[in-house]
Amino acid sequence: MAASMWQVLRKQDIMNYWQVSDFVSLVVDMVPELLMFKHRTQLNLGLRVRYIIELCRIEQPSEMILSYLDKMTSTHTTLVKESDDELVKLNFLELIQILLKDPEEKNDFFMEIFPAKYGPQYDSDLQMLFAEFLCRLSQLLPVPDLEQVRDDLKDRSDLQTVPKSVLSRT
């Protein structure tokens, strides 16, 4: 799962950034000490902001964009606790409202501001934050070796579902 999420970021498959953010939120909700609050906030908000901006860029219906804005602000209130983060959120909400209402502003934004603020450096920063998340996750959940997997499978009562070739390789 984590590898496929990494591929989403590496390939800049922006239309799947929301799902990556949901995955990060799920994991960090279960293991809060995995990431510092600021790191978690930057990663989740960064992914969601980029997703919503992409919806604006490809001219999705306003209702759809506004529903994601609502999800971003209502379901993840813990993401935006600190005053600086609250200001960022308010500025972003204002930006999206402008993009939805003013075609000239939208055009100017995507011609001038978008490449500078949400371009390659933004993508690189998201990848770096996600790589740190994956590194910490892999430290928390080490991959078992083949002997551990075999022993775990032998202990299970429903060995009928395990191919015999897996159990006989010892």
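This is a predicted model: local features need pLDDT of at least 70, side-chain atom pairs count only at pLDDT 80 or more; totals for chains, interfaces and linings use all residues.
Residues are numbered from 1 along each chain as its sequence is written, and side-chain values use heavy atoms, leaving out hydrogens and water. The chain holds 9 helices and 0 strands, where helices (H or I, at least four residues) and strands (E, at least two) are DSSP runs numbered from the N terminus.

**Overall picture**
- Along the sequence, the pattern reads α-α-α-α-α-α-α-α-α.
- Of the 170 residues in the chain, 39% are buried; buried means under 20% relative accessible area, exposed over 50%, and partly exposed in between (1.4 Å probe, protein chains only).
- Among contacts (heavy atoms within 4.5 Å) with a separation of 6 or more, 66% join residues 24 or more positions apart.

**Helix H2**
- Helix H2 (residues 17-30) has 14 residues and reaches 20 Å from its first C-alpha to its last, close to the 20 Å expected at 1.5 Å a residue; the expected span is 1.5 Å times one less than the number of residues.
- Buried residues in H2 include Tyr17, Trp18, Phe23 and Val27.

- The structure holds 6 salt bridges, each a side-chain nitrogen of Lys or Arg within 4 Å of a carboxyl oxygen of Asp or Glu.
- Arg50, Glu54 and Arg57 form a linked network of them.
- Glu54 pairs with Arg50 at 3.2 Å, N to O, and with Arg57 at 2.6 Å, N to O.
- Glu54 and Arg50 sit 4 residues apart in helix H3 (residues 37-57), so about one helical turn separates them; Arg57 and Glu54 are 3 residues apart in H3, also about one turn.
- Glu54 is buried at 7% relative accessibility and Arg50 is buried at 5%, whereas Arg57 is partly exposed at 41%.

- Lys106 and Glu59 meet in a salt bridge at 3.9 Å, N to O.
- Lys106 is buried at 16%, while Glu59 is exposed at 61%.

**Cysteines**
- The structure has 0 disulfides, a disulfide being a pair of cysteine sulfur atoms within 2.5 Å.
- Cys56 is buried at 2% relative accessibility, and Cys135 is partly exposed at 36%.
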